Amino acid sequence: MKTNDYVKFVTQQVVEYADQPKSERIKKRQEKKEARPPAMHRWFGLVPFAFLLVYKKNRNRLLKQK
């Protein structure tokens with residue numbers, strides 16, 4: 001990609017973003033945020049996330065045993 005093409009592309013993206021109403025930008029950002037998996041799952045994988053779910057499910061039973 002030539003430099004001129006890249007500048008043209010970036011300019012189009014900036015203008016497209018700036019032309020959107022602020023409420024639409026916020027709504028789109030919120031939808032994107034909700035679509036992501038939980039941070040624990042993204043950072044550490046599924047196994048620690050599964051241990052956390054099991055711990056939370058059995059927390060009351062574990063606390064009563066002490």
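Q: In which helix is the place of Val10?
A: Val10 has its place in helix 1, which covers residues 3-19; helices here are DSSP runs of H or I with at least four residues, strands are runs of E with at least two, and both are numbered from the N terminus. The model is a predicted one, in which local features need pLDDT of at least 70 and side-chain atom pairs count only at pLDDT 80 or more, while totals for chains, interfaces and linings use all residues. Residues are numbered from 1 along each chain as its sequence is written, and side-chain values use heavy atoms, with hydrogens and water left out.

Q: Why is Val10 called partly exposed?
A: The relative accessible area of Val10 is 33%, and therefore Val10 counts as partly exposed, given that buried means under 20%, exposed over 50% and partly exposed in between (1.4 Å probe, protein chains only).

Q: What is formed by Lys32, Lys33, Arg36 and Arg42?
A: Together they form a positive surface patch, Lys and Arg being counted as positive and Asp and Glu as negative, without His and the chain ends. Arg42, found in helix 3 (residues 39-44), has a relative accessibility of 39%, so Arg42 counts as partly exposed.

Q: Why is Leu63 called exposed?
A: Leu63, which lies in helix 4 (residues 46-65), has a relative accessible area of 52% and is therefore exposed. Between the C-alpha atoms of Leu63 and Gln30, 33 residues apart along the chain, the separation is 37 Å.

Q: How many helices and strands does the protein chain have, and what makes it more spread out than a compact globule?
A: The protein chain has four helices and zero strands. Its radius of gyration is 22 Å, well over the 11 Å that the globule rule gives for 66 residues, so the chain is more spread out than a compact globule; the radius is taken over C-alpha atoms, and the rule is 2.2 Å times the number of residues to the power 0.38. Along its principal axes, the C-alpha trace spans about 70 × 30 × 15 Å.

Note on methods: Patch = residues over 30% accessible without salt bridge, like charges linked within 9 Å, V, L, I, M, F, W, Y side chains within 5 Å. Areas by Shrake-Rupley, 256 points an atom, 1.4 Å probe, with all protein chains shown as cover. Salt bridge = Lys/Arg side-chain N within 4 Å of Asp/Glu carboxyl O. Charge placed at Lys NZ, Arg CZ, Asp CG, Glu CD.
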